[in-house]
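Colleague: I am new to reading protein models. Could you walk me through the pockets and salt bridges of one?

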Amino acid sequence: MAYETLLVETDGPVGIITLNRPEALNALSSKLCSEVCDQLHAWSSDASIRCVIITGAGRAFAAGADIKEMAPQSYMDVYLNDMFAAFETTISAFRKPIIAAVNGFALGGGCELAMLCDFILASETAKFGQPEINLGVMPGIGGTQRLTRLVGKSKSMEMCLTGRMMDAAEAERAGLVSRVLPADKLMEDARKVAQKIAAASLPIAMMTKETVNAAYETTLSQGLRFERRLFHAMFGTEDQKEGMAAFVDKRPAQFKNR
């Protein structure tokens with residue numbers, strides 16, 4: 001499918017979405033958000049896609065929401081349309097692993113989009129921030145919640161109240177970013193990581209993602225019980241039998257995603 005605001009490609013079992021509004025620093029317009037949702041819906045039921053990368057064209061991952069589009073809207077406009085709800089829900093409910101490959105600015109909604117992904121690989125030039133307060137609003141796609149869970153109250157509060165940007169090195173120290181990579185190696189390494197994930201059993205990867213996410217939504221005792229039950233359930237899969245047999249036989253596993 002051809003999109004107005006995205007470039008989409010597949011690399012074997014890896015799907016790659018490139019936000020493609022470089023003239024607007026990939027600002028999250030309603031059209032872009034809708035197209036991201038459409039592509040993720042398509043890949044959610046495509047068994048050949050086992051991992052997804054989201055990145056941005058040009059010198060930004062995404063520099064925020066489309067302010068020109070948002071500025072004239074009223075409370076009733078954004079409330080009745082439930083602005084950004086479908087976008088946030090679609091990405092957070094996507095069951096397969098998603099990697100954010102952040103090049104350049106990830107500000108406002110762009111930072112929130114990166115945090116909606118399962119982990120962030122950042123180039124040395126990446127900058128993260130929640131500058132919405134400078135526009136007379138606050139983060140609205142989970143920034144006050146996910147950022148706080150990832151970097152702690154003090155740093156999150158400072159960033160949301162001052163709009164200060166965080167560079168890639170600080171973001172890695174704070175726990176927002178998994179790894180910082182050379183800018184010219186970002187997508188090459190992101191593809192390698194995605195291929196590594198895609199080579200694993202898809203149902204096991206999906207259950208692992210679900211279990212890690214549960215750590216943010218449950219108590220420790222509830223999370224441990226959930227982990228244990230899914231761990232036990234994995235012994236009913238063909239891929240557990242294959243994975244352990246391959247280890248014993250000292251050969252690569254041939255997972256069937258069953």
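Modeller: Rolling a probe the size of a water molecule over the atoms shows where empty space is left. On a 1 Å grid over the protein atoms alone, a pocket is an open set of points where a 1.4 Å probe fits, with protein on both sides within 12 Å along at least five of seven lines; lining residues have an atom within 4 Å of a point. Points are joined across faces, edges and corners, and a volume is the space filled by probe spheres set on them. This is a predicted model, where local features need pLDDT of at least 70, side-chain atom pairs count only at pLDDT 80 or more, and totals for chains, interfaces and linings use all residues. Residues are numbered from 1 along each chain as its sequence is written, and side-chain values use heavy atoms, with hydrogens and water left out.

Colleague: What volume does the largest pocket have, and which residues are closest to its centre?

Modeller: Its volume is about 880 Å³. The lining has 30 residues, and Leu116, Cys117, Asp118, Asn213 and Tyr216 are the closest to the centre.

Colleague: Which element gives the most to that lining?

Modeller: Helices (H or I, at least four residues) and strands (E, at least two) are DSSP runs, numbered from the N terminus. Helix 10 gives the most to the lining of the largest pocket, namely eight residues.

Colleague: How do the residues of this lining divide by class?

Modeller: Ala, Val, Leu, Ile, Met, Phe, Trp, Tyr, Cys and Pro count as nonpolar, Asp, Glu, Lys and Arg as charged, and the others, Gly among them, as polar. The lining of the largest pocket has 18 nonpolar, five polar and seven charged residues.

Colleague: Now, how many salt bridges are there in the whole structure?

Modeller: A salt bridge is a side-chain nitrogen of Lys or Arg within 4 Å of a carboxyl oxygen of Asp or Glu. The search finds 15 of them. One joins Asp11 and Arg191, whose closest N and O atoms are 3.2 Å apart. Asp11 sits in strand 1 and Arg191 in helix 9, so this pair ties together parts 180 residues apart in sequence.

Colleague: What about Glu238 and Arg258?

Modeller: Their side chains meet in a salt bridge at 3.6 Å, N to O. Glu238 is partly exposed at 40%, whereas Arg258 is exposed at 57%.

Notes. Buried means under 20% relative accessible area, exposed over 50%, partly exposed in between (1.4 Å probe, protein chains only).
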